[in-house]
Amino acid sequence: MAAFLPAMDVVQDDDARYVGLLDEVRLDKGAATMYGSFEKLYGGMYLKASPAMTRQRAHSDWAEVEVFVDCKLDDSCDPYDDGICNEVSCSGTDDDCLGRFTACASTVFEYQHRTHHFSVVLLGSWARLARWDRSGVIFSSKFDYKQELTKLVRFFWHVARASAEVRGHDTTATRVLPGSDDYELLQAWKAKDKTLADDDYVAKRFVKSLSGDRPWWRLTVSDKTHGSRDFLVGRPTFAAAGVVGRGTRGYIALSISDPARPFVYLKDCWRVVHERSKLEGDILFELNAKGVGNIPTALYHGDVEGQVTVSQTFWKSPGKNAERGRQDSENVPGDENAETKMKKCRMKTHQHYRLVVKEVGLPLQEFPTGKALVDAVIDAIYAHQDAYNLAGVMHRDISVGNILILPYRDGENTEYSGLLADWELSKMVEDETKEPRHPDRTGTWQFMSVSTLLSEPKSQIQTADELEAFLNVIIYCAIRYLPNTCEDVGEFMYNFFDDVLPVGENEYTCGVLKEQVLNRGELISLRNKIIWFLRRPPSRSAGHSGSAALVEVLPQDQTEASTTAPMLESTSTTVQIPPEEDLHPIHNVIFILLEWFSARYKLRAPRRTIAKSFIQPIVPPTSGSAARRWARNVLKDKPTVFSPEQDKDRQELELRAEKIKSYEAMLDVLHRASAGQWPDADRLPDQLSPTYDPHKPQKFREKRSRAEGDVQEQPSSKRQRSTAS
């Protein structure tokens with residue numbers, strides 16, 4: 001019990017009174033008889049005063065539940081039993097016991113402000129207790145609650161008498177309830193919904209965050225310089241899915257400690273603790289002071305005192321559970337082998353942290369036009385360049401979720417600037433040669449460069465890797481929202497951004513398509529078809545509009561460019577090449593940049609070695625059959641090895657690769673595109689199905705995603721990130 005709840009100075013009831021309490025539970029009459037209404041939904045433990053106790057509901061009240069409970073007929077699908085989940089089909093289906101249970105734990109974190117919370121799973125007459133936090137889950141040994149009833153009863157007894165803090169509630173987050181001044185203030189804002197100006201996007205989105213079934217909160221940020229500051233928030237605009245990790249949530253917040261009550265952006269997360277890690281707020285204050293443009297303006301930040309994960313302290317290395325990041329609670333801190341076990345622990349220590357910045361931006365995926373997309377990326381690259389040149393800082397997590405759009409008025413027109421946010425994984429350039437702070441790759445998987453994904457996690461991140469990530473952001477947005485000839489957007493998104501190749505146990509590397517595209521220098525589908533971006537949507541059934549020449553596109557020889565990935569389809573493909581005037585400006589941006597990045601990878605391919613006999617001077621034979629054969633050699637006076645043309649080809653590759661070692665050439669391409677003629681209203685509705693959710697390898701199943709009911713409901717653009725540095 002000590003692994004879950006601290007000892008209490010309260011006189012406990014006599015255990016004898018519980019004898020026979022569950023004798024009437026029939027284990028041989030099916031789930032409906034055993035569990036009644038709990039059979040089809042998750043049960044839970046609630047406070048007596050909770051509205052959930054009187055409300056009719058078809059499912060658990062995730063905003064109120066104190067302990068969630070799941071009931072199974074028997075222990076054939078124990079979520080914490082490696083053997084069962086490996087031998088039974090429990091993965092990737094509705095019967096995924098651990099996956100379903102983890103989803104419940106994630107939902108509690110999503111609806112409530114928690115440092116941790118508890119759960120119980122009943123498996124026939126067996127039971128397990130569990131404690132969840134952002135590092136992992138501690139679970140008990142399986143016990144027969146009919147034979148050892150006091151274990152289960154004592155657990156609920158302790159929870160019922162524990163303080164809110166011990167039960168896992170964040171004491172710096174106060175629920176806004178009817179009748180309070182905070183509630184009246186937020187109700188007044190909610191009433192303004194119909195009167196707000198269309199261009200007041202911050203206020204409109206704040207009001208929208210107050211709608212729905214999510215509770216309202218007052219959050220406190222403790223800043224060492226400015227003291228405690230309070231903010232009112234509703235539904236998060238962004239919420240990371242899953243349990244383990246940073247659990248980042250972003251809010252448009254009303255700053256009630258400021259007499260002017262401005263809107264700000266509040267980031268709530270569980271940062272990874274490391275002696276060389278800097279707080280994101282400190283990084284931003286430093287970048288702001290050095291004049292780095294197009295980044296958020298830091299206002300307040302600080303750790304939430306005393307709120308640190310503990311699951312990692314119960315780590316036990318031997319056995320399969322060690323690799324799964326979960327362990328039996330009988331392994332408690334302080335045992336004689338604790339130091340050895342902690343050295344092998346892959347679980348990270350997380351500290352609760354909050355950051356408040358001045359700017360409230362729009363997600364990049366809401367770009368109104370292709371030109372606005374390019375302009376925002378230009379500004380983000382300038383921010384990256386300034387941070388590198390003025391402060392010696394590398395961002396190291398370029399992704400579609402970390403670039404924001406700021407609308408502003410320019411006379412009668414609305415223009416858009418870009419903001420490069422989320423600097424928590426950034427690192428001083430001078431520290432790149434030091435040992436990584438964590439054993440994984442740094443960044444968001446979908447947008448990492450091929451070089452980063454193919455290299456060891458401790459490999460240095462270069463400017464070219466960051467610029468390639470910016471290119472991946474452009475491709476991500478263009479494929480989903482701009483007119484193009486991609487026949488299956490979901491298939492492309494999975495194969496280019498989400499796919500992985502396993503290399504050893506629990507290790508993954510770059511997927512096939514991304515590596516092929518970067519090696520080849522052309523944006524192609526898995527079917528080896530070039531993807532064209534057009535000024536107007538193509539007809540999917542009748543081919544492209546306008547006159548187009550039919551050409552045969554043959555796969556290029558990729559043996560030098562690729563060393564790990566299999567070839568794509570090798571059959572020739574007949575495609576239509578649209579006329580130049582039909583191509584969207586983004587098309588040339590993507591294909592010019594792909595040529596440059598492709599040169600980088602082609603130069604890395606090993607050069608073929610030629611036998612010395614082919615490069616040494618030759619004395620032609622003068623007699624016999626050898627002389628007769630030599631006389632028939634029509635190329636005897638022309639060199640066929642190491643021709644000047646081959647040297648020119650390599651020189652051309654070197655010139656192209658040189659362009660992506662610094663910022664200027666890529667910025668020039670983007671500037672020229674921005675200054676060109678763009679089609680009106682070129683943004684399309686999302687071409688990726690809202691149900692897109694490919695079955696990914698277990699390591700990447702938990703992704704960062706938007707909160708339910710957010711301004712723009714769409715598939716997640718970010719995975720749970722890696723944290724090596």
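Two strands count as paired if DSSP finds at least two bridges between them. Strands (E, at least two residues) and helices (H or I, at least four) are DSSP runs, numbered from the N terminus. The model is predicted: local features need pLDDT of at least 70, side-chain atom pairs count only at pLDDT 80 or more, and totals for chains, interfaces and linings use all residues. Residues are numbered from 1 along each chain as its sequence is written, and side-chain values use heavy atoms, with hydrogens and water left out.

**View A. The open sheet S16-S18-S19.** Three strands form this open sheet in the order S16-S18-S19, with antiparallel pairing. Strand S16 (362-363) and strand S19 (413-420) are the edge strands, each with a single partner, so one side of each has no neighbour in the sheet. S16 pairs with strand S18 (residues 403-410) in the antiparallel sense over two bridges. Leu 362 lies opposite Ile 405 in S18.

View B. The buried residues are Tyr 201, Val 202, Ala 203, Arg 205, Phe 206, Val 207 and Ser 209. Their cover includes helix H5 (181-190) and strands S9 (227-233), S11 (249-255) and S12 (263-272). S16 and S18 from View A are also part of this cover.

**View C. Helices H14 and H15.** Helix H14 (residues 512-520) packs on helix H15 (residues 585-604) at an angle of about 95 degrees, with axes 6 Å apart. Axes are lines fitted to C-alpha atoms, for helices over the stretch in contact, and angles run from 0 to 180 degrees between N-to-C directions. The two helices are therefore roughly perpendicular (65 to 115 degrees). In contact (heavy atoms within 4.5 Å) are Val 517, Leu 518, Asn 519 and Arg 520 of H14 with Leu 594, Phe 597, Ser 598, Tyr 601 and Lys 602 of H15. By class, this contact has five nonpolar, two polar and two charged residues.

**View D. Helices H10 and H18.** Helix H10 (residues 370-391) and helix H18 (residues 664-674) pack at about 155 degrees, their axes 10 Å apart. This makes H10 roughly antiparallel (over 145 degrees) to H18. H10 contributes Lys 371, Val 374, Asp 375, Val 377, Ile 378, Ile 381, Tyr 382 and Gln 385 to the contact. From H18 come Glu 664, Met 666, Leu 667, Leu 670, His 671 and Ser 674. These residues divide into eight nonpolar, three polar and three charged.

Terms used
Parallel < 35°, antiparallel > 145°, perpendicular 65-115°, else oblique. Nonpolar A, V, L, I, M, F, W, Y, C, P; charged D, E, K, R; others polar. Buried < 20%, exposed > 50% of the residue type's maximum accessible area, 1.4 Å probe, protein only.
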